[in-house]
Amino acid sequence: MTGEAAGNGQDGPDELYERLAVHVGQVAAAGGEGKDPVNEPMIRHWCEAMGHPVPADGSAPATMLQVWTMGGLSGHTAGTARSSAYDDVLALLDEAGCTSVVATDCEQEYLRPLRPGDRITYDAVIESISPRKTTKLGTGHFVTTRMDVQANGELSGTHRFRILKYAPARPPDPASPRADAKPAVRATRPRPVVNRDNAGYWEALERHELLIQRCTGCGTLRLPWLPGCNACGCPDWDTVPAAGAGTVFSYVVMHHPPFPAFDPPYAVALVELAEGVRVLGNVTGVPYDKVRAGLPVTLDFLTVDGEFTLPVFRSVEAGEG
Ligand code: ZN
């Protein structure tokens, strides 16, 4: 097997696609069982976390559909793991150099409300695999799985989930390979999901501007960007640039799990900007164990993998002089 160079956008027979396509229609996961029946505490916690009103009729919000199928920290019960067909698809793509992955979108369809006490089961199928596509991220294939969710054996909704598995557009940078890295595969940071609702945010970061969305109906500021205002429902907005001052509102220090693109331990902070909105970012200019709630910071920008820009926050207390 010669890992055909599917990743370079070259023309020619798409042999990889032909080998992938035989998996369409095969099982991606079978016999899955929800860990808990639909229940009121999980509905309430989810609604609080998402800022969603608790439905007055006691049913679960429809958009919780996937929640009931998740394995949680302890994972799925034995026997409900994803299928070998799905693993085969991922392995074929890896072999062909499509080693990066990004979740592109999901679509859900709701057929029946879920109510406390409903027992959830699910199955998933590999619904489609695209021919080779070249995107801004790189060249690869879209893989769509469809999960059918049943409540007490009755189909209650479907969840379509699409990933792009691709060869990064830029060749690996040989300048600073990690000792434990495989040659020619650079560990890259996870990519942001850029869509029509947030593209302006990412474009502004390229210009070293952090733009906060502002509702033109009621003036409420919001970050991250959303299609509409949670305060008044107005879909219209403009932006204000962050002045740059902020303080660490809360933080975590990451030690585990190890991920090759990061070098633990490092601090990830929830920074409250002077404008009053909060944003996640790394804290720079100070050792990870000197980060604390209340630390004053100033906005800075970090170009990642030569491809995109993230806001980071530099301590204004340490590292001066
Ligand atoms: Zn508003």
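User: Which strands do the buried residues of helix 4 pack against?

Analyst: Those residues pack against strand 7 (211-215), strand 12 (278-284), strand 13 (296-304) and strand 14 (308-315). They are Ala 199, Tyr 201, Trp 202, Ala 204 and Leu 205. Contact here means heavy atoms within 4.5 Å. Helices (H or I, at least four residues) and strands (E, at least two) are DSSP runs, numbered from the N terminus. Just after helix 4, His 208 has a positive phi of about 60°.

User: What kind of model is this, and which atoms and residues count?

Analyst: This is a predicted model, in which local features need pLDDT of at least 70, side-chain atom pairs count only at pLDDT 80 or more, and totals for chains, interfaces and linings use all residues. Residues are numbered from 1 along each chain as its sequence is written, and side-chain values use heavy atoms, leaving out hydrogens and water.

User: Why does Arg 189 count as buried?

Analyst: Buried means under 20% relative accessible area, exposed over 50%, and partly exposed in between (1.4 Å probe, protein chains only). Arg 189 has 16% relative accessibility, so it counts as buried. This residue is found in the loop between strand 6 (154-168) and helix 4 (199-206). Not counting residues up to four places away in sequence, Arg 189 touches Ala 261, Phe 262, Asn 282, Leu 302, Val 304, Asp 305, Phe 308 and Leu 310. Arg 189 and Phe 262 are 73 residues apart along the chain, yet their C-alpha atoms are separated by 7.5 Å.

User: What makes the site of the zinc ion tetrahedral?

Analyst: Donors are N, O and S atoms within 2.8 Å of the metal (3.2 Å for Na, K and Ca); water is not among the atoms, so sites may look incomplete. The protein donors are the SG atoms of Cys 215, Cys 218, Cys 229 and Cys 232, at 2.3 to 2.4 Å from the zinc ion. Four donors count as tetrahedral if all angles lie between 85 and 135 degrees; four count as square planar and six as octahedral if opposite donors are over 155 degrees apart and all others between 65 and 115; anything else is irregular. The angles among the four donor atoms are 102 to 115°, and the site is tetrahedral. Along the chain, the donors follow the spacing C-x2-C-x10-C-x2-C.

User: What makes a set of residues a nonpolar core, and which members of the largest one touch the most others?

Analyst: A nonpolar core is a set of buried Ala, Val, Leu, Ile, Met, Phe, Trp, Tyr and Cys residues joined through side-chain atoms within 4.5 Å. The largest has 32 residues, of which Trp 68 and Leu 114 touch the most other members. Helix 3 gives the largest share of this core, six residues. A second, separate core of 29 residues includes Trp 225, Val 271, Val 286 and Val 304.
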